[in-house]
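Student: Please take one part of this model and look at it closely, setting out what can be said of its position and its neighbours. I would then like the account carried on to other places in the chain, as one connected answer.

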Amino acid sequence: MPERMLKFVHLSQQMPDKRDISARRSDFEEIYARFDQKAAAAQASRCSQCGVPFCSVHCPLHNNIPDWLKLTAEGRIEEAYALSSATNNFPEICGRICPQDRLCEGNCVIEKGFESVTIGAVERYITDTAFAEGWVAPRRPARERGLSVGIIGAGPAGLAAAEELRARGYGVHVYDRHDRVGGLMIYGIPNFKLEKDIVLRRWRLLEAAGIQFHTNIAIGRDLAFADLRARHAAILIATGVYQPREIGGPGAGLPGIVPALDYLITANRKGLGDAVPDFDSGTLNAAGKRVVVIGGGDTAMDCVRTAVRQGARSVQCLYRRDRANMPGSLREVKNAEEEGVEFLWLSAPEAFLGDDWVSGVRATRMRLGLPDASGRQSVEPVTGSHFTVPADLVIKALGFDPEPIPAAFGEPGLEVTRHGTLRIQPRDFMTSLPGVFAAGDIVRGASLVVWAIRDGRDAASRMHAWLEAQASAREAAE
């Protein structure tokens, strides 16, 4: 077979085509077209097959990226999917929402000028093809172990752990306080990045594997944590972090200043066909309003782009650092700018104006100072640089903190860190309570979906080892 790789020297990088800007501003459909077989093979063939694949090294899941790129270039898509799904429980989701520009693609060794391989788009093509061809099957166990485990939280960490434990033969029960499975993948991420059918399809696949889901169940409210522990041989807490960080200053409590997650959940529920009074009343609807989003992460980008699609009169993003220091994906920043979002770099709010409803944000210009202990430049206000941004809706996208899990669960024995995250033993993911494990954002703090999947997989492995050890100890005692 002739060499199909290292084509980057004469084949340029090509992302999937984007939909027309005017069309994508008016709906919530995904903005990228999908590669066909020819385009996917061509882009995969650009891989240099380097000896030390930094794309894999910098992927939290350490996906075997060069190998499945080579298989794609050779047209062996079913094998490529088998390899891709061996390390990733949800490659169709990561291919859409991972910040590849900061992870795998951002660390591709192909030198600048030739540009990186479009890894995310190829990953998406592989998995979408696998679903279309019927190659994706539920991971049912070869034998049942007769033991059950309980998982609190149906987000990416909980679902990844659930699939891994079910494949090992455990009876898996997943409890979630929401009415649908997926966590922030279903309610926090807009359709233009991740269509909800993609998440719901994965839910059905997990159910087909024998995983049992219990929705609308809040632990500590609808089911006591002690009762849950009595039901199962082990517990995994994978609740994520949902508590929004607040902003201070005069007027911060005015109506019309809302948390980002409340706004995004409302938009996603509306898209799913739910009755959403706060949307219909206009409280959490950007239509016709001057919208100001405060923050610079991926959640802020989701908010500004959602507001555009809801028909906002104007959308501005206020961020205290510059573009180079923005924590969100630069690819998302570019998409937002194309869609009409205005970024006010090096600007920070100091007060909110209005009487019965917010009417504006008083802000000040900032300048970058010396790097702090983490290496990130500090920021300081520029004296006398105040200005006012008119606003009818202000969305706070400042990040998320953990909810007080010990209090919510009625279990004071659960130890937390000074950040409020659950304290675990790093090697075995176990909390301060025997047989109770934790993984994902509730341990790590707000992070990426791909890290949650990694943590869920690792926690499942440690839970399995602990359950095996417990069984061996019982046998030895008998």
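Tutor: Gly288 is placed in the loop that runs between α13 (277–280) and β7 (290–294), and the model in which we see Gly288 is a predicted one. Leaving aside residues up to four places away in sequence, Gly288 touches Gly311, Ala312 and Arg313. Ser45 lies 243 residues from Gly288 along the chain, and the C-alpha atoms of the two are separated by 47 Å.

Glu332 has a relative accessible area of 10%, and because the cut-off for burial is under 20%, Glu332 counts as buried. Its side chain makes a polar contact of 2.7 Å with the side chain of Arg305. Arg305 is also among the residues that Glu332 touches, together with Lys193 and Met301, when residues up to four places away in sequence are not counted.

The next part to examine is helix α4 and its surroundings. Seven of the nine residues of α4 are buried, so this helix is largely enclosed by the rest of the structure. The buried residues are Ile65, Pro66, Trp68, Leu69, Leu71, Thr72 and Ala73, and they pack against α2 (37–44), α3 (54–57), α5 (77–87) and α7. After α4 comes Gly75, which has a positive phi, near 80 degrees.

Two packed helices are described by the angle between their axes and the distance between the axes. For α4 (residues 65–73) and α7 (residues 119–133), the packing angle is about 60 degrees and the axes lie 11 Å apart; the two helices are therefore oblique to each other. The crossing in which α4 passes α7 is left-handed. On the α4 side the contact is made by Ile65, Trp68, Leu69 and Thr72, and on the α7 side by Ile119, Val122, Glu123 and Ile126. Sorted by class, this contact of α4 with α7 has six nonpolar residues, one polar and one charged.

Helix α5 also packs on α7, at an angle of about 110 degrees and with the axes 9 Å apart, and α5 and α7 are therefore roughly perpendicular to each other. From α5 the contact draws on Ile77, Ala80, Tyr81 and Ser84, and from α7 on Glu123, Tyr125, Ile126, Thr127, Thr129 and Ala130. By class, the contact of α5 with α7 has six nonpolar, three polar and one charged residues.

Two loop residues remain, and both concern the backbone. Most residues other than glycine have a negative phi, and most peptide bonds are trans. Glu115, in the loop between α6 (91–97) and α7, has a positive phi of about 70 degrees although it is not a glycine. Glu115 has a relative accessibility of 33% and counts as partly exposed. Leu346 sits in the loop between β9 (342–344) and β10 (347–354), and its phi, near 50 degrees, is likewise a positive value in a residue other than glycine. With a relative accessibility of 25%, Leu346 too counts as partly exposed.

Terms used
Residues numbered from 1 in each chain as written. Heavy atoms only, no water. Axes fitted to C-alpha atoms, helices over the stretch in contact; angles between N-to-C directions. Helix = DSSP H or I, 4+ residues; strand = E, 2+ residues; numbered from the N terminus. Parallel < 35°, antiparallel > 145°, perpendicular 65-115°, else oblique. Left-handed = near helix turned anticlockwise from the far one by under 90°. Contact = heavy atoms within 4.5 Å. Nonpolar A, V, L, I, M, F, W, Y, C, P; charged D, E, K, R; others polar. Buried < 20%, exposed > 50% of the residue type's maximum accessible area, 1.4 Å probe, protein only. Polar contact = N/O pair within 3.5 Å; in protein donor to acceptor, adjacent residues only side chain to side chain.
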